[in-house]
Amino acid sequence: MVIIGGGPGGYESALVAAQLGAEVTVIDRDGVGGAAVLTDCVPSKALIATADFLSRFESAGRLGVGFEGTDDDQHAEANLVQVNSRIMDLAAAQSRDIQAQLESVGVRVVRGTGRITGAHEVTADLVDGGTRTFTADTILVSTGTSPRVLDTAVPDGERILTWQQIYDLKALPEHLIVVGSGVTGAELAHAYLGLGCEVTLVSSRDRVLPGEDADAATVIENVFRRRGMKVLNRSRAQAARREGDGVVVTLEDGREVHGSHALFAVGSIPRTKDMGLEEAGVELTPSGHIVVDRVSRTSAQSIYAAGDCTGVLPLASVAAMQGRIAVAHALGDAVAPLNLRGVCANIFTDPEIATVGYSQTDVEEGRVEAQVVTLPLSTNPRAKMRNIRDGFVKLFARPGSNTVIGGVVVAPQASELIYSIGLAVQNQLTVDQLASTFSVYPSMTGSIAEAARRLHPLEV
Ligand SMILES: Cc1cc2nc3c(=O)[nH]c(=O)nc-3n(C[C@H](O)[C@H](O)[C@H](O)COP(=O)(O)OP(=O)(O)OC[C@H]3O[C@@H](n4cnc5c(N)ncnc54)[C@H](O)[C@@H]3O)c2cc1C
């Protein structure tokens with residue numbers, strides 16, 4: 001098996017394929033771990049960890065904590081050079097760990113750019129020079145995506161930035177304009193706000209996080225504004241230019257937003273160009289994503305694809321699952337097709353938004369019938385102790401069977417809390433089964449059990 005791209009879609013597949021006895025080669029251009037480890041997921045979450053840590057100082061007073069011997073304006077501060085160097089070090093260490101793990105199970109890792117040159121052939125332009133051709137029974141493409149760049153706002157890596165360039169900054173931006181209020185834009189806007197920057201978030205839609213649960217997005221937008229972020233809704237950015245020591249972002253209606261730096265988070269494009277895919281019979285969508293079925297097959301028999309380049313659901317966990325499924329299918333192992341209803345996803349703002357299964361939009365647009373309960377965290381005793389003011393638990397249950405079919409948690413570390421709802425969704429547990437599972441008292445999970453209890457079907 002030859003795998004092109006060593007991100008979660010690629011390296012997780014390689015591990016499983018080696019375990020199943022295949023001879024595996026991974027060809028990767030930028031370092032195993034992929035964008036997930038080196039520029040996107042891991043670095044952004046590490047940056048957010050620092051921002052969260054700083055935010056905790058802000059609320060110390062409300063928990064009765066003072067700082068001895070300090071004057072009034074004393075505050076914690078991030079040293080961005082140290083923060084960024086820690087992040088890059090831990091990303092590199094993670095990539096090295098993955099490389100070692102791959103090599104320990106006998107996977108051959110090749111540094112280079114791969115392209116398909118036949119139904120069973122991949123040619124790599126090696127980083128060290130020269131080319132090399134590999135033959136394979138099965139090829140897996142997991143080349144990921146790159147940040148979308150507007151012709152009118154070309155990143156310069158200094159003031160106009162993509163999310164992959166922010167870790168080179170030597171000092172905190174004085175005023176960061178974040179363009180795009182999807183998950184990446186919202187997470188990074190909030191992170192820099194927590195690090196102490198003035199932040200303006202430019203959102204083309206009515207509210208931030210347009211693809212997410214509307215109640216959750218409203219909580220987050222209110223938190224953003226309360227903490228001092230300027231959120232410009234219904235404001236589509238058209239261009240950005242450098243001016244003196246700063247940047248000017250022009251909006252479609254002619255308004256101008258002035259700041260010191262601009263970060264564009266306006267989507268991604270698949271890395272599928274010039275890879276010999278169409279010549280090999282692989283169907284692409286108009287956006288350039290690879291068309292796959294639920295077992296990761298493309299339209300070419302020997303070629304599979306996994307991860308963001310398929311456009312199925314851009315999450316590291318989904319990329320890895322698609323890759324594992326591809327390997328199992330190709331090597332004749334037991335296969336369960338990809339089930340997106342069981343995917344737990346999280347937005348790492350503060351509070352976090354975690355979701356699984358059917359959503360409020362699915363219910364409102366008639367894709368599923370569901371009973372819904374929303375429980376604010378303000379009544380949870382543990383939340384009170386921890387001074388948590390924002391957040392809720394929402395559960396969806398199927399009428400009749402009373403099985404849990406979805407949930408939303410808005411809370412600090414919602415990413416840890418969603419697992420119990422994920423278990424219920426994946427295993428079709430009933431609301432009563434969830435409600436009768438002991439939770440610790442006092443705990444945030446108590447609200448999940450309580451929400452399930454409120455969905456207990458009443459006798460009629
Ligand atoms: C800012 C940000 C934060 C995110 N945070 C999270 C998160 O918290 N949780 C989560 O689940 N997901 C997160 N994601 C999404 C996650 O990063 C992606 O879903 C994941 O990286 C997809 O994995 P992949 O294997 O498809 O591609 P990638 O991780 O992009 O890896 C692809 C690899 O292929 C290599 N490559 C490309 N073309 C070639 C070629 N021709 N030859 C050889 N190698 C090639 C690249 O160099 C790269 O190493 C985040 C995304 C962004 C942008």
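Q: A disulfide is taken here to be a pair of cysteine sulfur atoms within 2.5 Å; how many disulfides does this predicted model contain by this rule?
A: A disulfide is a covalent bond between the sulfur atoms of two cysteines. For C309 the closest cysteine sulfur, which belongs to C41, lies 17 Å away, and this is too far for a bond. By the rule, the number of disulfides in the model comes to zero.

Q: Is C309 buried or exposed?
A: Burial calls for a relative accessible area under 20%. The relative accessibility of C309 is 0%, so this cysteine counts as buried.

Q: Which strands stand at the edges of the open sheet of seven strands?
A: The sheet has mixed pairing, and its strands follow the order β5-β4-β3-β2-β1-β6-β17. Two strands in this order have a single partner strand each, so one side of each is left without a neighbour in the sheet, and these edge strands are β5 (131–135) and β17 (303–305).

Q: Which residue of β17 is the bridge partner of I139?
A: Strand β6 covers residues 139–141, and its pairing with β17 is parallel, running over three bridges. Within β17, the residue that partners I139 in a bridge is I303.

Q: What angle does the direction of helix α1 make with that of β1?
A: Helix α1, spanning residues 8–19, packs on the sheet and touches β1 (2–4), β2 (25–28) and β6. Between the direction of α1 and that of β1, the angle is about 160°.

Note on methods: Residues numbered from 1 in each chain as written. Predicted model: local features only at pLDDT ≥ 70, side-chain atom pairs only at ≥ 80, totals over all residues. Heavy atoms only, no water. Disulfide = S-S within 2.5 Å. Buried < 20%, exposed > 50% of the residue type's maximum accessible area, 1.4 Å probe, protein only. Pairing = 2+ DSSP bridges. Helix = DSSP H or I, 4+ residues; strand = E, 2+ residues; numbered from the N terminus. Contact = heavy atoms within 4.5 Å. Axes fitted to C-alpha atoms, helices over the stretch in contact; angles between N-to-C directions.
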